[in-house]
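Okay, everyone, thanks for coming. I'd like to walk you through two interfaces today, so let me put the model up.

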Protein chains: 6
Amino acid sequence: MKISARNTLKGTVKAVVPGAVNTEVVIEVAPGVTITSIITKASADSLGLSEGKKVYAVIKSSDVMVAID
Amino acid sequence: MKISARNTLKGTVKAVVPGAVNTEVVIEVAPGVTITSIITKASADSLGLSEGKKVYAVIKSSDVMVAID
Amino acid sequence: MKISARNTLKGTVKAVVPGAVNTEVVIEVAPGVTITSIITKASADSLGLSEGKKVYAVIKSSDVMVAID
Amino acid sequence: MKISARNTLKGTVKAVVPGAVNTEVVIEVAPGVTITSIITKASADSLGLSEGKKVYAVIKSSDVMVAID
Amino acid sequence: MKISARNTLKGTVKAVVPGAVNTEVVIEVAPGVTITSIITKASADSLGLSEGKKVYAVIKSSDVMVAID
Amino acid sequence: MKISARNTLKGTVKAVVPGAVNTEVVIEVAPGVTITSIITKASADSLGLSEGKKVYAVIKSSDVMVAID
């Protein structure tokens with residue numbers, strides 16, 4: 001499947017923290033650079049996420065804000 | 001300013017592509033790892049974005065999807 | 001690719017309306033039921049969208065609001 | 001009330017799954033075509049959602065991604 | 001229509017700035033407090049927006065971030 | 001930090017309602033005008049939110065819908 005979201009970053013799951021409804025997934029996309037995702041527990045289970053798994057962090061470009069100091 | 005969005009990735013502006021209303025900003029967050037953002041032209045002008053500028057890509061964790069092959 | 005977004009609706013492209021930066025894509029997911037998507041022109045070109053193409057409308061469950069009369 | 005969101009799909013509630021904070025609502029928008037929504041429990045209670053209720057799934061066009069196989 | 005989005009702020013349109021695809025709408029929700037919205041031009045036309053019109057700014061609670069100095 | 005989100009509304013925290021994963025924050029942006037935000041509990045703790053604290057409600061303009069009666 002190929003998707004219209006502009007950002008599809010390859011990474012490795014560093015942590016999976018399941019909650020009641022949502023699961024937090026920490027993805028390392030470069031050494032020392034991690035992106036935290038929150039998805040539904042149902043999705044996390046369906047994707048079989050666990051530490052070390054190769055995944056993609058998928059982000060729409062309009063969901064990326066830019067900030068400066 | 002400190003914000004509730006969980007992802008605040010340090011990076012360098014690699015490209016700024018202005019449109020009529022929106023501007024595309026490409027941010028390198030690690031060597032070879034870029035994130036594309038689309039913000040309003042007004043915001044891009046206000047932030048004074050140009051190639052080489054140090055910025056942050058700010059992304060809410062609920063806006064990060066996870067995909068597997 | 002399998003994604004964490006809960007809604008992946010099969011459909012057929014009914015119309016592609018390109019703008020300067022964004023492209024509007026109308027997807028029929030059932031007879032007479034259409035969903036309108038706005039994606040970047042770059043994404044639309046990359047996906048090779050045109051009328052009649054089989055696609056998926058992908059929507060995160062947290063982006064679906066519910067309304068009543 | 002008339003809203004700027006481009007997609008207002010008529011449907012019938014097929015399931016309401018309440019969690020601690022959020023409630024999952026499954027809406028059938030055509031025979032066999034369902035859309036899953038996650039809203040706050042407070043909103044679900046306020047709307048009086050239950051199986052069989054006629055509702056609308058409201059989705060902004062910029063929240064609809066397009067994917068191909 | 002009653003919607004699941006938690007924030008429905010009454011206001012008055014202060015400015016409508018049409019672009020090629022999108023329209024910027026500035027809504028005053030309290031004296032001196034304005035909220036800027038960007039919607040599609042099609043939606044703005046459909047709603048008949050113009051300066052002085054009474055409208056609602058509708059925002060999902062999960063789209064509101066919190067920041068501190 | 002200065003951010004690309006167009007809406008940065010000054011306000012005062014009126015209520016903080018912690019859940020298991022998410023926290024609801026009610027922000028008064030003008031007398032009698034409140035905006036409800038849902039952020040992760042981790043973010044709320046990190047920001048040290050409590051009743052009476054001065055904060056900003058930060059909202060992207062594309063996340064603000066417009067409705068009319």
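So, chain A against chain B: 33 residues of chain A are in contact with 33 residues of chain B, contact being heavy atoms within 4.5 Å. Before I go on, this is a predicted model, where local features need pLDDT of at least 70 and side-chain atom pairs count only at pLDDT 80 or more, while totals for chains, interfaces and linings use all residues. Residues are numbered from 1 along each chain as its sequence is written, chains are lettered from A and ligands numbered from 1 in the order in which they are written, and side-chain values use heavy atoms, with hydrogens and water left out.

Between them, A and B bury about 3000 Å², with 63% of that on carbon and sulfur atoms; that's the accessible area (1.4 Å probe) two parts lose on being put together, summed over both. On the chain A side, Tyr56(A), Val66(A) and Ile68(A) lose the most area, together 20% of what that side buries.

What about salt bridges across A and B? The rule finds two, taking a side-chain nitrogen of Lys or Arg within 4 Å of a carboxyl oxygen of Asp or Glu. One salt bridge pairs Arg6(B) with Glu24(A), closest N and O atoms 3.3 Å apart.

Now the strands, which are DSSP E runs of at least two residues, numbered from the N terminus. β5(A) runs antiparallel to β6 of chain B, residues 65-68, and three bridges join them; two strands pair if DSSP finds at least two bridges between them. Tyr56(A) turns up again here: its bridge partner in β6(B) is Ala67(B).

Okay, over to chain F and chain B. Here 14 residues of F touch 13 of B, and the buried area is about 1400 Å², 65% of it from carbon and sulfur atoms. Met1(F), Lys2(F) and Ser4(F) supply 40% of the area F buries against B, more than any other three residues. How many salt bridges this time? Zero by the rule.

A rotation of 180° with 0.0 Å of shift along its axis puts chain F on chain B, RMSD 0.0 Å, superposing by least squares on the C-alpha atoms of residues with pLDDT of at least 70 in both. That's the relation of a two-fold axis. The same surface serves both copies, with 93% of the contact residues of F recurring in B. And which residue of chain F comes closest to the rotation axis? Met1(F), at 2.4 Å by C-alpha.

Terms used: Helix = DSSP H or I, 4+ residues; strand = E, 2+ residues; numbered from the N terminus.
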